[in-house]
Amino acid sequence: MNASTGNATGNAPVGRGEVLLAARDLSKHYRVRQSFFGPASAVLKAVDRLSFEVYRGETLGVVGESGCGKSTLGRILLRLEDPTEGDVSFEGEDIVGYDRRRLRALREEMQFIFQDPYSSMNPKMTIRDIILEPLENYRPDMAVSERETLAGDLLEMVGLTRDVLRRYPHEFSGGQRQRVVIARGIALNPKFVVCDEVVSALDVSVQAQVINLLADLKRRLSLTYLFISHDLRVIRHVSDRVMVLYLGQIMEIAPVNDLFDRPMHPYTRSLLGAISKGDPRNRQERVILRGEIPSPLNAPAGCPFATRCPMADTRCHEEQPRLEPRDDGRVVSCWKV
Amino acid sequence: MPLTRNSKGVTTVSEILRVSGLTVEFSTEDGTFSAIEDVGFGLEQGKTLAIVGESGSGKSVTSLAIMQLLAENGRITAGEIVLDGENLLDLPPNDIQHRILGQQISMIFQEPMTALNPILTVGDQITEVLLEHQGIAKKAAYERAIEVLREVGIPSPEKRIRQYPHELSGGMRQRVMIAMGLVSEPKVMIADEPTTALDVTIEAQILDLLDRLKREFGTSILFVTHDLNVVADIADDVIVMYAGQIVERGSVLDVFEQPKHPYTQGLLGAMPSLTGVEGDLPTIPGVVPSIANRPSGCRFHNRCPFAHPRCTAEAPAVYRVGGQDVRCHLFDPHRSEESQ
Amino acid sequence: MQIFQKNSFYDLAYRRFMRNRLAIIGAAITLAFVFIAVFAPVLTPYGPSEFFFSADGTTYSRYAAPSGAHLLGTDALGRDVLTRILYGARVTILVAFSAVLISTVIGTIVGLVAGYFGGIVDGVLMRIVDVVISFPVLFLLISISTILTPSVWIVVFAIGFVRWTNTARLVRGEVLRIKELDFVSAARGVGSTSTKIILRHIIPNILAPVMVQITIGTAQAVLMEASLSFLGVGVQQPTPSWGNMLIDAQRSLVLREMPWIWIPPGTVTLLLVLGIYFLGDGLRDAFDPKQ
């Protein structure tokens, strides 16, 4: 029943593979004007001093509630937005300083699969044009017929048929659209794919199909995923390791089974306690976390979770805990652990 | 145990709401489609009945039809909605407006930001139903509103009552919605995906609140959701809908532990588990049919692993199996063996 | 006939449009006036500035009531009213279409640039829009018409100058909305350049509202031209326009006794504006069925 031991105590300590992507002290702050006449005074810390690695071939799950910065993180890693501070290295090279030309080359290697299959495709374009767009940009010498053949192959790879090439996005259901978006995402044969809530908008029966498809593609194309989701069940199923975010900061990083079986950070414990066990016979009391998520505008001085933490003391409120790497491959940011 | 099933349509004593044969049609520029067909169930006093289904299942149309809030092109073409002995479909619209909605049945919506009026204070919105229809004095109404806000767990309600929706967080807004639904002590509360837009820790708070209301005030709740996990936690009885029909109905324990309909089985199997099972998830192949493309015969036959020729040709009847009602040919007692 | 690729946005919009009776009527009225404008010389035996004499041949046939020879009578100078209406359609439509063409081109470019690039560019362009909106156009026109030789093109530029701001604001708003949609980020993510994103992802998605804006703008330009000409600062005599044909109705005698002078130009103006509005509403419904 506990499949976790394999990962946690196997020969190679978890997370000691080859680092594909590393972030160090990555921050994205927005200046926000709080009143109409006032100066741009407040600072919104969307993500704040994130440091972590993504290993080649793994799926790093990123989980957290609204305002935790998980979507911002994905966009920064792919340089769809610039970080305020910090470094990102991809295959050992610092990519934050990349100019436009090198950035363009980089995008071949890193792709983004979006949350909402309804807005992530241009409604005025056919499926053919949508899938061909990355190929036009990066494979200019490829003949059109060759590109079309490739587009058909990609569609078959994601479980659609070639004959949908001439159709438009609105002719498809949410799950089928998400397949097209995935086909576009893998068209350039990337190494690293950020999946941002890719199954959240889908029906349960279709969600499972897309999760399986992503797992299948990962095996076949040796992909590395950063898998962002608010859904702990999905995270549990797809991830090798999980990073828990709260108010833009890392609370805990751990191998998936360790995290779910032995959560260390009080926030992780509260999260796991809050979700349903899905078993009507054992309706144990959910752990009810008091209070609400504070606005990231008025982030607390100490530990961001201190305002809701059942274990918090004065030190938690005043001093920010450090991300402490531990021997077992876990990272926890808490004074109490 | 009072009966939940009542084939003759007689209202049993404990049933506060009985819906039978409910059919809703929508006319669009592409023709007329029935969104739901022959939907029937009973909601018992002080119980929570969950309607669960995917998009296009008709679960929301069912709740909107009961509230008489269907869009303009929607029409109830058959059926009865009996609330406490009164068929709502026989009542004049005026009566429904003044005596039923918001008073005997109230509704909580998914997105409290759009369901609350941004230019009215929390207090104005909660007291509206009291002032408009119950002729209660303003002062008394506000006192009642404060009381209800406290009941739904809003801290310092005296202060909150003067605030506007945008000043509240998502969880607080949903609590205000619930307070609005609760203020006139309705017999039935319909909650349409009330936690879908909320974060997990806030969802837990709201579900806990609804459960407490049910126990303390005996409110009967019709809970519409796509999320089976929420159903497992909050429901007493469950209706599973697919493509406009009820495919399975039973107590939450029966449905979760011995699901009968292949669709229910598929849905429960497709949920990723929290205990971390390796490998691929079981899936239901194909897509949820749109309202215009529902297959003939059994509507699930093109996705069903047990489908046989009869399923394509003939719409199944509802059979009583164990504790459940199931719409599936597999449970026809007179079924010939060749189809097995 | 298959005009658009099957099931494309425009194909669906076309089918919705063809089901909308009022929109078809609007399109028919608009096309009818375009037809009249193009074929005016064929449709009438007279010239627009041809004077007619009374029966004795000594005086102009001024304010002659409708008759077999002059179906809508003659005006103050003895010209055929019907002929001037037909030729007036040319001027009115030419002015409206040219003005809208100018305003659409300027407005779309300004809106696109402001919306897409944002920041200071956006700030500067939108303040210019504010200035233009605040401009006392009538005053400007009256001054111009006293200094320069009045011409149709001054009217065209005046109307275009006023109207582009509406298009610019509309386009900017649409661009801001579309820019935030995931497919624009997705295009950037698969390496598309800004030019390509604007051409392939943004422009095709603002086309529909711009087309609606073009029709509404045309209707308003027709009205503006009529108003300016009526006030004497628009299209000048002897060039016929529906607006300057109404000038005579400023005299109460004409208003009371000679309805053939002002009812025809008033009616055609109303009809054309209504027709274009029906067409515009039809386009709007066809493009956005949810509204």
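## Two domains in chain B

In this predicted model, the centres of domain 1 and domain 2 of chain B, taken over C-alpha atoms, are separated by 25 Å. Domain 1 of chain B is made of two stretches, 11–94 and 190–269, while domain 2 of chain B covers 113–185. Where the two domains meet, eight residues of domain 1 of chain B are in contact with seven residues of domain 2 of chain B. On the side that belongs to domain 1 of chain B, the residues that touch domain 2 of chain B divide into seven nonpolar, one polar and no charged.

## Chain B as a whole

Chain B holds twelve helices and twelve strands. Its radius of gyration is 21 Å, close to the 20 Å that the globule rule gives for 340 residues, so chain B is as compact as a globular protein of that length.

Of the 340 residues of chain B, 49% count as buried. Among the contacts in chain B that join residues at least 6 apart in sequence, 64% are between residues at least 24 apart.

## The nonpolar cores

The largest nonpolar core has 203 residues, and of these Ala179(B) and Val231(B) touch the most other members. At least three residues of this core come from each of domain 1 and domain 2 of chain B. Another core, of 49 residues, lies apart from this one, and its members include Val81(C), Val155(C), Leu272(C) and Leu283(C).

Which residues does Ala179(B) touch, if those up to four places away in sequence are not counted? They are Ile126(B), Val148(B), Leu149(B) and Val152(B).

## Helix α7 of chain B

Helix α7 of chain B runs over residues 170–182, and its 13 residues reach 18 Å from the first C-alpha to the last, close to the 18 Å expected at 1.5 Å a residue. Twelve of the 13 residues of α7(B) are buried, so this helix is largely enclosed by the rest of the structure.

Although Glu147(B) and Val183(B) are 36 residues apart in sequence, their C-alpha atoms are 8.9 Å apart in space.

## Where the chains meet

The contact between chain B and chain A takes 36 residues from chain B and 39 residues from chain A. On the side of chain B, at least two residues are supplied by each of α8 (200–217), α9 (228–234), α10 (252–257) and α11 (262–270) of chain B. By class, this side of chain B has 18 nonpolar, twelve polar and six charged residues.

Chain A is also touched by chain C, with 17 residues of chain C in contact with 23 residues of chain A. The elements of chain C that give two or more residues to its side of this contact are α7 (182–189) and α8 (194–230), and the largest share, seven residues, comes from α7(C). The residues on this side of chain C divide into seven nonpolar, eight polar and two charged.

## Two residues with positive phi

Glu91(A) is not a glycine, yet it has a positive phi of about 50°. The place of Glu91(A) is in the loop between β4 (85–90) and β5 (93–94) of chain A, and with 15 other C-beta atoms within 10 Å Glu91(A) is partly exposed.

Asp38(B) likewise has a positive phi of about 50° although it is not a glycine. Asp38(B) lies in a strand, β2 (residues 31–44) of chain B, and with 16 C-beta neighbours inside 10 Å Asp38(B) counts as partly exposed.

How values were computed: Residues numbered from 1 in each chain as written. Chains lettered and ligands numbered in written order. Predicted model: local features only at pLDDT ≥ 70, side-chain atom pairs only at ≥ 80, totals over all residues. Core = buried A, V, L, I, M, F, W, Y, C linked by C-beta atoms within 7 Å. Buried ≥ 20, exposed ≤ 12 C-beta atoms within 10 Å, placed from the backbone. Domains from an automatic or database assignment. Helix = DSSP H or I, 4+ residues; strand = E, 2+ residues; numbered from the N terminus. Rg over C-alpha atoms; globule rule 2.2 N^0.38 Å. Nonpolar A, V, L, I, M, F, W, Y, C, P; charged D, E, K, R; others polar. Expected span 1.5 Å × (residues − 1).
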